[in-house]
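Subject: Handover of a structure

Hello,

I am passing this structure on to you, with notes on what was found in it. Please look at it first and then read on.

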There are 2 protein chains.
Amino acid sequence: MRVMIYEGAGGVDIIHMRDVPTPVPGAEHIRVRVHATGLNRADLLQRRGNYPAPAGWPANIPGMEYAGVVDVLGPGSSQWKVGDGVMGLVGGGAHAEMVVVHEAEAIAIPAGMGFTDAAAIPEAFLTAFDALSTRAHITRGDRVLIHAVGSGIGTAATQVARWLGASCVLGTSRTQSKLDRTLAYGLDVAINTANTPFREQVNDPVNVILDVLGGSAFADNLAILAPLGRLILLGFLTGSATTADLSPVLRKRLTVVGTVMRTRSHEERVELVQEFAAKVLPAFSEKSLRPVVGAAFPMSELGRAHELMERDEAFGKIILNWD
Amino acid sequence: MRVMIYEGAGGVDIIHMRDVPTPVPGAEHIRVRVHATGLNRADLLQRRGNYPAPAGWPANIPGMEYAGVVDVLGPGSSQWKVGDGVMGLVGGGAHAEMVVVHEAEAIAIPAGMGFTDAAAIPEAFLTAFDALSTRAHITRGDRVLIHAVGSGIGTAATQVARWLGASCVLGTSRTQSKLDRTLAYGLDVAINTANTPFREQVNDPVNVILDVLGGSAFADNLAILAPLGRLILLGFLTGSATTADLSPVLRKRLTVVGTVMRTRSHEERVELVQEFAAKVLPAFSEKSLRPVVGAAFPMSELGRAHELMERDEAFGKIILNWD
């Protein structure tokens, strides 16, 4: 099978398409023929050598999510049949023609949805649902602020927050066009941070913040949270070093939670996937939630896709398709 | 009735005993004749003008916990009868001969326990139970680190952590004698921080940390937490300013929770008191949990009690008794 491989670490010139032996699924696993797959910032970090794949996953084949068709069932695998459309998360190796996953970690593609759209769901919507529901315990009427709201996770979280009952969704971006486009997905308050810090533009406290910025935003995030507010840390786009006064954490009884998908155990992945399939998946069929594909490339142009993400110019998800 | 009053803000010389009108309990409230009451660091902060009482509580009568006898029932009050022994938390005003509280916020004094011991329970044990159980979700087998372990909260938390199933309780103090005395309450690993930072003395990661130190300990706390660890912030003895790398929060999926008792709503207090009465109170009768009274003073010597706490020389709780 063909795969994308990082040969060394560095710029996009280390990305190559290669042929490798096609994997055979073990017990309770399935092999999926990948039609489309999302690009994530973690793939870029891994390319630069800063984010090795967790143990048990391919070390130099990137890709953390897939959408495709069940191709082969491993021994004892009974949940799917060959030909079913499935999508899901992996610890690595999804930028390949085939991926082997545990059957209980796969999610059915909603009826009528194409592979390109389906590939925009797993990382963005599982992360957004997990962060807002399980980590932030969002309740009806909460005010929710989402940083980098035009990103894949941002556009997913905007919709999920609304769908979970948020009374007001605020979003930040340095790019006005991204803010404008996110309004169509349920954003209420667009905060352009190109020239003015978000803290100066949030007049009423918020109950929940999803943050991918990190250290530079930490103190201001604490400042704008309401009593019993929750700050969910999902990334460190601006670095992880911070200087802050922690007194709002105590005075307002705040909770700060860090969360990542990639390092989770099989048991945790299965638990999340099952909850997602039961509660969230129907909302895609009802069009309450919509995948947001900002750009799609053939897999052979993975390097160009990296460059687009590095320029911060993409809206929503960047998807790679196998021909 | 006699009360202790802060006349202005500053040193112990602003503390005076005065006579004020005896309060009359309103609907669903009771008046309690206070026999003993604990001293807390918040009382010292308030004396210095740094921690005003929350709205609805006496502004210049300190004291946040009491043990005594029900003296008068307000209209519609049915939970207690005159003469019952009760203890509990208030937002202020407990350093007085009488205190008026909502009947649902009072807790029965365990049979056979004296008022001095009972007064050592509310702030220390409610805080420790709430922090370890409700905030940190301690589970059997967790390793728990408690800073300033010789304090009122520290000695209570050591016992509560053990009682909730912690496999190992580690405690820090700069005073060896306090560490030695805490061993009798269930401390497993005594960490003397007089000359060596605790981070260098914790070899295996911990699952839960109760911290009263604050900013200076934040980065080291994050460093020694295990994946999915919980850091509960209860105070800022060393100040609230911090410089830290937040990357452990994300990588290890940590949770940081700030919590204080004083500003909680009536509904929150009642919920905690009811859970405490049902689950924790029986453990005092069974001697699984023991109040830790390090020093007791007559109320007229409240200033001396302040000075003892400010010198950091007390072990466990400092209690004031009315004659």
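The notes below go from the contact between the chains to single strands, helices and residues.

This is a predicted model, in which local features need pLDDT of at least 70 and side-chain atom pairs count only at pLDDT 80 or more, while totals for chains, interfaces and linings use all residues. Residues are numbered from 1 along each chain as its sequence is written, chains are lettered from A and ligands numbered from 1 in the order in which they are written, and side-chain values use heavy atoms, with hydrogens and water left out.

**Between the chains**

Chain A has 29 residues in contact (heavy atoms within 4.5 Å) with 29 residues of chain B. The area buried between them is about 2,300 Å², and carbon and sulfur atoms give 60% of that area; buried area is the accessible area (1.4 Å probe) that two parts lose on being put together, summed over both. A:Leu246, A:Leu250 and A:Arg253 supply 32% of what chain A buries against chain B, more than any other three residues.

Between chain A and chain B there are 11 residue pairs in polar contact, both residues being at pLDDT 80 or more. A polar contact is a pair of N or O atoms within 3.5 Å; within protein, one must be able to donate a hydrogen and the other to accept it, and residues adjacent in sequence count only if both atoms are side-chain atoms.

Several elements of chain A each supply at least two residues of the side that touches chain B: helix H6 (215–224), strand S12 (225–233), strand S13 (241–245), helix H7 (247–251) and strand S14 (255–258). Helices (H or I, at least four residues) and strands (E, at least two) are DSSP runs, numbered from the N terminus. S13(A) gives the most to this side, with five residues. By class, the side of chain A that touches chain B has 14 nonpolar, 10 polar and five charged residues. Here Ala, Val, Leu, Ile, Met, Phe, Trp, Tyr, Cys and Pro count as nonpolar, Asp, Glu, Lys and Arg as charged, and the others, Gly among them, as polar.

S13(A) also pairs with strand S13 (residues 241–245) of chain B, in the antiparallel sense and over five bridges; two strands pair if DSSP finds at least two bridges between them. In this pairing A:Thr243 stands opposite B:Thr243.

**Salt bridges**

Side chains of opposite charge can pair when their charged atoms come close. A salt bridge is a side-chain nitrogen of Lys or Arg within 4 Å of a carboxyl oxygen of Asp or Glu. The whole structure has 38 salt bridges over all chains, and the count between chain A and chain B is two. In A:Glu268 with B:Arg253, the closest N and O atoms are 2.9 Å apart.

Within chain A, A:Glu65 and A:Lys317 meet in a salt bridge at 2.6 Å, N to O. A:Glu65 lies in strand S4 (residues 65–73) and A:Lys317 in strand S16 (residues 317–321), so the pair ties together parts that are 252 residues apart in sequence. A:Glu65 is buried at 0% relative accessibility, and A:Lys317 is buried at 5%. Buried means under 20% relative accessible area, exposed over 50%, and partly exposed in between (1.4 Å probe, protein chains only).

In chain B, B:Arg311 forms a salt bridge with B:Glu313, with 3.2 Å between the closest N and O atoms. B:Arg311 is partly exposed at 48%, whereas B:Glu313 is exposed at 51%. Salt bridges that share partners also join A:Arg2, A:Glu97 and A:Asp323 into one network.

**Inside chain B**

Strand S11 (residues 206–211) of chain B is mostly covered, with six of its six residues buried. Strand S8 (residues 143–146) of chain B runs parallel to S11(B), joined by three bridges, and B:Val144 stands opposite B:Val208. S11(B) also runs parallel to strand S12 (residues 225–233) of chain B, with five bridges; there B:Leu210 has B:Ile232 as its bridge partner.

**Positive phi**

A:Leu228 is not a glycine, yet has a positive phi of about 65 degrees. A:Leu228 is in strand S12 of chain A and is partly exposed at 38% relative accessibility.

Regards
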